[in-house]
Amino acid sequence: MLAIAARRLVSMLLIMFVISVLLFLFFEGDKLNLAARVLGPYSPMTGRLAWLEHNGYNRPLITRYLAWIYGFMRGDWNQSAQFDAPVFDFLLPRLKNTAILGACVFVLTVAISLVLGVFSGIAEASKRDRAITVISVLTTSVPEFASATFLVAIFVYWLDWLPGSSSFNNGFSWREMILPVATLVIYNFGYYTRMTRASMAEVMNSQYIRTAVLKGLPYHQVIIRHALRNALIAPFTVMILQLNYLLSGVVVTEVFFAYDGYGKALYDAAMFGDVYLILAGAMIAVVVAVVSQFISDVGYTQLNPRIRFS
Amino acid sequence: MSDTEHKLIGTLKQQLAEKTIGRRDFLRFATLLGLGAPAAYEFANRIDGGIAPAAYADDLPKGGIIRIAQRVPKLDNPHTFSWIYDSNCVRQVCGYLTRTGADNITRPDLASSWEVSDDLKTWTFHMNPKATWHKGGAFTAEHAAWNIKHCLDPAVGSSVIGLMKGYMLKDVDTGKLDDKGAKVMTTELWDANAIEVKDPSTLVLHLQEPQVAVPEHFFHYPFLMLDPAENGVFAMGSNGTGSFEMTVLEVGRKCEFKRIADRPGQVDELHFVDLGDNPSAVAAALASKQVDGIFQGNIEQYDIYKGMAHTDIHSIVTAQTAVARMRSDSKPFDNPAVRKAVRLATDCEKTLQIAHKGVGSAAEHHHVAPVHPDYFKLPPMPRDVEGAKKLLADAGFKDGIDIEINCKPDPSWEQAAVEAMAEQWKEAGIRAKINVLPSNKFWEVWETVPFGFTEWTHRPLGFMVLALAYRTGVPWNESAYSNKEFDDLLTKAEGTVDVKARSEILGKLEKIMQEDGPIAQPLWRSVFAAYDKRVKGFNIHPTLYIFGEDLAIEKA
């Protein structure tokens, strides 16, 4: 357990190092464009060069990189060129917003897909199974920007029930959460449902379930006591791995609804070439990815009695 | 003011009386030369019986909050602003020396009047005695002089330098060399006394070259008059001369302004809400009444805005455009007949309808807009497919020509316009392959490709773009166009202050563009914004400036 945690930690640091070096190199050629974006398209070249000098972009690459790493470790994540704020202070409330969005989506998606997946899996090839399968495949194959457009057309323009943007300008609002959460749940639940169904169907065909049924146990007890736990191992792993998606896969939805989260901030930063904000965003994404992998590994061993850390 | 009146104002009055210039051109040029707007309107009204616009309507509703969807970028350094967004925020707090209205007429603001010498080289500005700072004290000529000098300081990096360099600055060698061994140049005032504070209320500018548009340049968006004590930095609690003070600033989220009780205006507060770059979020926010107005509408969303029962669309034609320009030094465009054939094969009105939903006006292939004061109306140049075929046949292209046009995909109307035109050209035997490049790639090759579709922004006077884009050898001459007669006429136009005489010269330039020029130009774009019907007093400006003190909102 400790060994695997250490291994993960090392690999995480390695990934962070490689990604940060690559990003640094990538934006090195874009420095002058960054100055042009900060100072505007009609700014004179002398002004741009002065800006680079004044903001320390002219120091050697290696010096800047080491300074950045040193600052990053100490919680000083540098200044965002676009938003004129410390990167850490800027990202924190946005990460919180994305965490709220991700949590709502995760809970709803898991609840819906477990129920549907189990109902689908225990009666393979039934009409119910076919109906659920068709719905899951359909919703998963519609990209977020399309379903978001449909939802807005119906609930904002036509019925006028819900607000069309979710920027929380007057503080947090559940009403503004509805459309972005719905968009993401619609896109995600089909995939989870299919995973749960496949796993459930496989378990239901196994001999110990047949034994349990033949033994005369009530059907619901067979499902809950014997089938469910074993059927959940595979979907659990997939769902935890999808946590990563809920951080970096929400860009489209956040931008669409002007939801002020991590995804929109990263999108703005990428469009602007705001290198320190992109770096910090990438580091956070790596941490979340590796940690969710670790949780998934540990959880897998806890759920599956055949695998135990020695 | 009559004893200091510019000698050309008399000529302008004469021309208005003889109806050789329009009312609008009279107002515009008379005010530019220092005649007060009320006096100019009064004179114009005596001649043509028109009505001056009501100053401030007393029946506008008072109080309330207006929320406008607009990006909120950082605001710390107003003199380097390069977007309209940031200036729209700071404009609520700080003012300009002059103000050019939606009617293109420049009026006094922090400068209450001005005169210019007959050679257009000495401009005298009188500061408005009623202008005061929030924190007390009058706005003086020293403050104005400090702001002008700050904008013209190369270390600040303001785009004002590009406007005023010709008549206020000279190049100086820093004595340093850059990495490639080239001299590093900088600029300084052409004369130590170029900006003279005569007394606390009088500012005199001494120009090295005649310039007619100085008052207009003072309305350039970064040219905000800041409190010199704050050293060019704008922040919460910054001093200003406007109606509002800033109460909230979250870059990338929102920016809020509160009206100071005894200053002009109706609303209590003005909020700018940042909804990001996605126009559909902005439209949905307006539809669900989360905002009362939007800074600028996107043409793809035009029908959505039109479909909203509770909003009005405000639009105004500008000189923003894009042109299909042909490099006159590459085949087959080195033959003027081929270039004219491309023009004749283009249906401007249809392209406007298809690519820009009819929001704008059809162009005439000469890059001078009807909104320019010195525009000359030529007889129409309608589409003529047979004429185009004949021109091509005579030029030796009996079977038509195969060409490739480069364009970029955003804004999307540009690609749509190119597709529409390519379809129209086919009928005349001009078979154009369309090569869509990503924007950043496009801007790497825009000057060098043989055939490309390039956007050009609004410039206030008709000859300005012609001088930037079609004069022999200038940096932005992307079509390598070179025509001695054209250059000579252009120089003459630039030296002609008299608008009527200049418009006649422009007429000749326009004719050359149509007959020989390197472009086919389909349309002029309108800019538009959508506001809730409850918002009163909004008057869309061609540059999308927002003036909070003009706005009012009815209670819901």
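A residue counts as buried when its relative accessible area is under 20%, as exposed when that area is over 50%, and as partly exposed in between (1.4 Å probe, protein chains only). By this scale Glu364(B) is buried, at 12%. The model is a predicted one, in which local features need pLDDT of at least 70 and side-chain atom pairs count only at pLDDT 80 or more, while totals for chains, interfaces and linings use all residues. Residues are numbered from 1 along each chain as its sequence is written, chains are lettered from A and ligands numbered from 1 in the order in which they are written, and side-chain values use heavy atoms, with hydrogens and water left out.

**Salt bridges**

- A salt bridge is a side-chain nitrogen of Lys or Arg within 4 Å of a carboxyl oxygen of Asp or Glu. Over all chains, the whole structure contains 41 salt bridges.
- Lys533(B) and Asp312(B) make one of these, with their closest N and O atoms 3.3 Å apart. Lys533(B) lies in the loop between strand 20 (523–532) and strand 21 (535–536) of chain B, and Asp312(B) in strand 14 (residues 311–326) of chain B, so the pair ties together parts that are 221 residues apart in sequence. Helices (H or I, at least four residues) and strands (E, at least two) are DSSP runs, numbered from the N terminus.
- Lys533(B) is partly exposed, at 38% relative accessible area. Asp312(B) is also partly exposed, at 32%.
- Arg339(B) forms a salt bridge with Asp516(B), where the closest N and O atoms are 3.5 Å apart. Arg339(B) is in helix 10 (residues 336–344) of chain B and Asp516(B) is in the loop between helix 17 (499–515) and strand 19 (519–520) of chain B, so this pair ties together parts 177 residues apart in sequence. Arg339(B) is buried, with a relative accessibility of 3%.
- Glu364(B) forms a salt bridge with Lys377(B), the closest N and O atoms being 3.9 Å apart. Both residues lie in the loop between strand 15 (360–362) and helix 12 (385–394) of chain B, so the pair ties together parts that are 13 residues apart in sequence. Lys377(B) is exposed, at 58% relative accessibility.
- One network of salt bridges that share partners joins Arg94(A), Asp260(A), Lys264(A), Glu250(B) and Arg253(B).

**Aromatic rings**

- Rings of Phe, Tyr and Trp (its six-membered ring) pair if their centres lie within 6.5 Å; planes under 30 degrees apart count as stacked, over 60 as edge-to-face and the rest as tilted. There are 38 aromatic pairs over all chains.
- Phe26(A) and Phe27(A) form an edge-to-face pair, 5.3 Å centre to centre with 90° between the planes. Phe26(A) is exposed, at 61%, whereas Phe27(A) is buried, at 12%.
- The ring centres of Phe218(B) and Phe223(B) are 5.2 Å apart and their planes are at 65°, so this pair is edge-to-face. Phe218(B) is buried, at 0%, and Phe223(B) is buried, at 0%.
- One aromatic cluster in chain A includes Phe17(A), Trp51(A), Tyr65(A) and Tyr276(A).
- A charge sits over a ring if NZ of Lys or CZ of Arg is within 6 Å of the ring centre and within 35 degrees of the ring normal. Arg94(A) lies over the face of Phe90(A), 3.8 Å from the ring centre. The charged end of Arg91(B) sits over the ring of Tyr545(B), 3.8 Å from its centre.

**A nonpolar surface patch**

- Phe17(A) is found in helix 1 (residues 2–28) of chain A and is partly exposed, at 47%.
- Val10(A), Leu14(A), Phe17(A), Val18(A) and Leu22(A) form a nonpolar patch on the surface, with about 480 Å² of accessible area together. Patches are made of residues with over 30% relative accessible area and no salt bridge; like charges are joined within 9 Å and nonpolar side chains (Val, Leu, Ile, Met, Phe, Trp, Tyr) within 5 Å. Accessible areas come from the Shrake-Rupley method with a 1.4 Å probe, and for residues only the protein chains shown count as cover.

**Strand 20 of chain B**

- Strand 20 of chain B is mostly covered, with 10 of its 10 residues buried.
- In a regular strand the side chains alternate between the two faces of the sheet. In strand 20 of chain B both faces are covered, with buried residues including Leu523(B) and Val527(B) on one side and Trp524(B) and Phe528(B) on the other.
- Two strands pair if DSSP finds at least two bridges between them. Strand 14 and strand 20 of chain B run antiparallel and are joined by nine bridges; the bridge partner of Ile316(B) in strand 20 is Val527(B).
- Strand 15 and strand 20 of chain B pair in the antiparallel sense over three bridges. Ser361(B) stands opposite Trp524(B) in strand 20 of chain B.
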